[in-house]
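This briefing looks at one helix and at what surrounds it. Please look over the sequence and the structure below before reading on.

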Amino acid sequence: MAKKKNSFVFWWRLDDRKAKSDEGKTVLTVACEHRNKTLVNYLLDHHPELLRIEPAKLREVAGFDDDIEANIHNALQELN
C-alpha cells in the first residue's frame, strides 16, 4: 500500500515570510486556515508585519477558529 502524501506543502522559507501564493495567501493566512494556533501565535509575536499583507483575506480565514480570530483582531488593533 502506497503512503498517502501530505496534501499541504509548506512552501515558505523562513527568510521569505512575506511571500504570497498565487491566491494571495501568506504563511500567516495558511496557518489560520489550518487552525495552527501555535504557528499563528508565533507569527503574531515575532512577525507582526505579516498582518499588513492582505488583511482582508486574513480576517476572513481567521474566522475559522474563535481563538485565532480574537488573536488576529487584537493584533490588528495593536498594529493600528
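Helices (H or I, at least four residues) are DSSP runs, numbered from the N terminus. This is a predicted model, in which local features need pLDDT of at least 70 and side-chain atom pairs count only at pLDDT 80 or more, while totals for chains, interfaces and linings use all residues. Residues are numbered from 1 along each chain as its sequence is written, and side-chain values use heavy atoms, with hydrogens and water left out.

- Val40, Leu43 and Leu44 are the buried residues of α2, and they line one face of the helix, because seen down its axis they fall within an arc of 100°, taken from the directions from the helix axis to the C-beta atoms.
- On the face turned away from this buried side, α2 carries the exposed residues Thr38 and Asp45.
- Thr38 has a relative accessible area of 64% and is therefore exposed.

**Packing against α4**

- Helix α2 (residues 37-46) packs with helix α4 (residues 66-79) at an angle of about 5°, their axes being 11 Å apart.
- The two helices α2 and α4 are therefore roughly parallel to each other, a term for angles under 35 degrees, with axes fitted to C-alpha atoms over the stretch in contact and angles running from 0 to 180 degrees between N-to-C directions.
- In this packing, Lys37, Val40, Asn41 and Leu44 of α2 meet Asp67, Ile68, Asn71, Ile72 and Ala75 of α4.

How values were computed: Angles under 35 degrees count as roughly parallel, over 145 as roughly antiparallel, 65 to 115 as roughly perpendicular and the rest as oblique. Contact means heavy atoms within 4.5 Å. Buried means under 20% relative accessible area, exposed over 50%, partly exposed in between (1.4 Å probe, protein chains only).
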